[in-house]
Amino acid sequence: MQETGGRHDVVVVGGGAAGLSGALTLARARRSVLVIDAGEQRNRPASGVHGFLTRDGLPPAEVVALGRAEVERYGGRIVDGRVTALTGSEGAFGVTLEDGRSAQARRLLIATGLVDELPHVPGLRELWGTDVLHCPYCHGHEVRDEPIGVLCTGPRAVHLAQLFRQWSADVTLFLHTGPRPSADEAAGLAARGIAVAEGEVVGLATESGRLRGVRLASGEVVPRRRLAVSTTLVARAEALVGIGLAATDHPSGAGLWIEADSTGRTAVPGVWVAGNVSDLMAWVVAAASAGVMAGAMINNDLVTEDTRIAVERATAVGMEDAA
């Protein structure tokens with residue numbers, strides 16, 4: 001197999017905010033770091049990253065480009081590619097890419113993010129990240145005062161509608177296949193002027209690639225310029241099976257995640273996670289913070305190992321001299 005540079009202290013799988021922040025921390029600690037990035041950042045369709053101090057409004061691709069340059073400035077290596085298999089164990093992990101390239105690592109940092117599984121409504125995917133949104137804190141200010149629809153199939157529908165009401169007085173909740181609001185919820189919706197549309201949503205009305213309305217099974221089209229949806233969040237974890245990690249149901253019911261402690265350490269020795277793969281609700285700035293934490297903890301772990309190895313070598317030399 002073609003090598004990507006031999007053995008590294010750490011291979012980081014995923015080059016978004018979490019992975020690059022972890023790689024930057026490790027590179028600054030003078031560790032040999034390889035980042036492998038498939039270019040599948042969750043926020044890439046969005047026009048800008050928001051809520052990230054000093055980077056607010058910057059296009060996602062630009063944030064990644066700036067992060068890559070910073071990692072490389074400290075000696076970290078970044079390659080484009082998709083990891084298809086992880087093998088081995090702590091101290092001797094193997095990483096295989098889709099194109100046959102390979103690498104070895106003492107430790108792994110997994111920052112592969114997640115996939116948003118959308119409700120089954122024609123047209124949602126095509127407008128995802130532009131007119132179809134999910135997070136009011138990420139996009140609410142940019143769609144302020146516009147006619148907003150909220151489509152949810154689960155129990156968070158009313159809460160999401162109430163959140164978007166903070167940014168617009170023209171909000172309609174589409175019940176679709178979700179549960180009907182309770183009496184208390186209905187009273188709250190009415191008190192804040194949130195309309196409720198009965199009936200199944202069967203599609204979207206668009207014009208020149210932009211959302212213009214939400215189509216109901218009755219044939220009625222409710223005019224809307226933006227549509228908020230609640231997605232099922234699924235961690236990208238297919239390649240982790242070879243090292244004994246698998247995505248499991250999140251306690252909140254929001255989707256599938258890789259469980260880890262507060263530092264990103266998983267149940268598999270030598271493997272850390274950071275970002276949306278382990279924190280389904282993390283914004284970009286939180287993912288970056290998690291990457292820094294995981295990178296620092298990995299370096300700490302390697303320092304402990306390096307010290308142990310140094311002591312063993314010194315003891316061996318002392319025994320040889322004594323002989």
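## Helices H4 and H5

H4 passes H5 in a left-handed crossing. This is a predicted model, and here is how that pair sits in it. Helix H4 covers residues 157-164 and helix H5 covers residues 183-191; they pack at an angle of about 20°, with 11 Å between their axes. An angle under 35 degrees counts as roughly parallel, so H4 is roughly parallel to H5.

As for who does the touching, H4 brings Val158, Ala161 and Gln162, while H5 answers with Glu185, Gly188 and Leu189. Sort the contact of H4 with H5 by class and you get 3 nonpolar, 2 polar and 1 charged residues.

## Helices H1 and H2

Now for another helix pair. Helix H1 (residues 17-28) and helix H2 (residues 60-73) have axes that come within 9 Å and cross at roughly 15°. That angle makes H1 roughly parallel to H2. The crossing of H1 and H2 is left-handed.

On the H1 side, the contact is made by Leu20, Ala23, Leu24 and Ala27. On the H2 side, Val64, Gly67, Arg68, Glu70 and Val71 take part. By class, the contact of H1 with H2 comes to 6 nonpolar, 1 polar and 2 charged residues.

## The nonpolar cores

The largest nonpolar core has 25 residues, and the ones with the most contacts inside it are Val11, Leu86, Val95 and Leu108. Six strands are listed as giving two or more residues to this core: S1 (3-13), S2 (33-37), S4 (83-89), S5 (92-97), S6 (102-110) and S19 (271-273). S6 gives the largest share, with 4 residues.

Leaving aside residues up to four places away in sequence, Leu108 touches Val11, Leu86, Phe93 and Val95, along with Ile243, Gly270, Val271, Trp272 and Ile298. There's also a second, separate core of 19 residues, and its members include Leu20, Val35, Trp272 and Ala294.

## Two loop residues with positive phi

A couple of backbone spots deserve a look. Arg30 isn't a glycine, yet it has a positive phi of about 70°. You'll find Arg30 in the loop between H1 and S2. With a relative accessible area of 78%, Arg30 is exposed.

Asp145 is another residue other than glycine with a positive phi, this one near 65°. Asp145 sits in the loop between helix H3 (136-139) and strand S9 (148-151). Its relative accessible area is 65%, and anything over 50% counts as exposed, so Asp145 is exposed too.

## The whole chain

Stepping back, the protein chain has 6 helices and 19 strands. Taken along the principal axes, its C-alpha atoms fill a box of roughly 90 × 35 × 35 Å.

The chain has 323 residues, and 48% of them count as buried. As for contacts in the chain with a separation of 6 or more, 59% involve residues 24 or more positions apart.

Key
Residues are numbered from 1 along each chain as its sequence is written. This is a predicted model: local features need pLDDT of at least 70, side-chain atom pairs count only at pLDDT 80 or more; totals for chains, interfaces and linings use all residues. Side-chain values use heavy atoms; hydrogens and water are left out. Axes are lines fitted to C-alpha atoms, for helices over the stretch in contact, and angles run from 0 to 180 degrees between N-to-C directions. Angles under 35 degrees count as roughly parallel, over 145 as roughly antiparallel, 65 to 115 as roughly perpendicular and the rest as oblique. A crossing is left-handed if the near helix is turned anticlockwise from the far one by less than a right angle, and right-handed if clockwise. Contact means heavy atoms within 4.5 Å. Ala, Val, Leu, Ile, Met, Phe, Trp, Tyr, Cys and Pro count as nonpolar, Asp, Glu, Lys and Arg as charged, and the others, Gly among them, as polar. A nonpolar core is a set of buried Ala, Val, Leu, Ile, Met, Phe, Trp, Tyr and Cys residues joined through side-chain atoms within 4.5 Å. Buried means under 20% relative accessible area, exposed over 50%, partly exposed in between (1.4 Å probe, protein chains only).
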